[in-house]
Amino acid sequence: TARLVGIRDMGDAVELGLMKADDARAGARMALLELEVKLPGKEPYRAEVLHWLPASLEGGVGPGRTLVVAVGRDDPEHEVAVDWEAPVE
C-alpha cells in the first residue's frame, strides 16, 4: 500500500496526448502523486509518479488516503501503479 502525501493536477490525459479520446479511461486527469510506499518487510519510502486519476475520483482524492499499489521490481521508487478500484483493507 501507499499513503498519499501530496497530489498535483497536471491536466486532462486526452488533451495532454497521453490517452486516446476513445479510451475507456477518457476524462481522466493526470496527477503528480507524492507517495509514502509501504512494502512488506521494508522501511517506508517516498516516491513521486505521474499517474492517471479516474474522472469519477476527481476532487475526492487527497493527502492521507491509503492506496493499493504495485511497484516495479527493478525501480520501485519510480515504477508505481495505483489500483484505483481495489478496496483498502
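## Aromatic pairs

Rings of Phe, Tyr and Trp (for Trp, the six-membered ring) pair up if their centres lie within 6.5 Å. With that cut-off, a search of the whole structure turns up 0 aromatic pairs. Keep in mind that this is a predicted model.

## The nonpolar core

Let's start inside. The largest nonpolar core has 17 residues, and L33, L35, V37, L67, V69 and W84 are the ones that touch the most other members. Five strands each put at least two residues into this core: strand 1 (2-12), strand 2 (29-37), strand 3 (45-53), strand 4 (66-71) and strand 5 (80-83).

## Salt bridges between strands

Now for the charges. Side chains of opposite charge can pair when their charged atoms come close. How many salt bridges does the structure hold? There are 5.

One of them pairs R3 with E36, with 3.5 Å between the closest N and O atoms. This one links distant parts of the chain, since R3 is in strand 1 and E36 is in strand 2, 33 residues apart. R3 is partly exposed, at a relative accessible area of 29%.

Another salt bridge runs between E34 and R46, and here the closest N and O atoms are 2.7 Å apart. E34 belongs to strand 2 and R46 to strand 3, so this pair ties together parts that are 12 residues apart in sequence.

R29 deserves a section to itself. This arginine sits in strand 2 and makes a salt bridge with E58, at 4.0 Å from N to O. Again the pair links distant parts of the chain: E58 is in the loop between strand 3 and strand 4, 29 residues apart from R29 in strand 2. R29 counts as buried because its relative accessible area is 18% and the cut-off for buried is under 20%. E58, for its part, is partly exposed, with a relative accessible area of 48%.

Leaving aside neighbours within four places in sequence, R29 is in contact with D9, G11, D12, A13, H51, W52, L53 and E58.

## Around W52

One of those contacts, W52, is worth a look of its own. W52 is found in strand 3 and is partly exposed, with a relative accessible area of 23%. Not counting residues up to four places away in sequence, W52 touches M19, R25, A28, R29, M30 and W84. So where does R25 sit relative to the ring of W52? R25 lies over the face of W52, at 5.1 Å from the ring centre.

There are a couple of ties back to the earlier sections. W84, in the list of W52 contacts, is among the core residues that touch the most other members.

Definitions and conventions: Residues numbered from 1 in each chain as written. Predicted model: local features only at pLDDT ≥ 70, side-chain atom pairs only at ≥ 80, totals over all residues. Heavy atoms only, no water. Core = buried A, V, L, I, M, F, W, Y, C linked by side-chain atoms within 4.5 Å. Buried < 20%, exposed > 50% of the residue type's maximum accessible area, 1.4 Å probe, protein only. Helix = DSSP H or I, 4+ residues; strand = E, 2+ residues; numbered from the N terminus. Salt bridge = Lys/Arg side-chain N within 4 Å of Asp/Glu carboxyl O. Contact = heavy atoms within 4.5 Å. Phe/Tyr/Trp six-rings, centres within 6.5 Å; stacked < 30°, edge-to-face > 60°. Lys NZ or Arg CZ within 6 Å of the ring centre and 35° of its normal.
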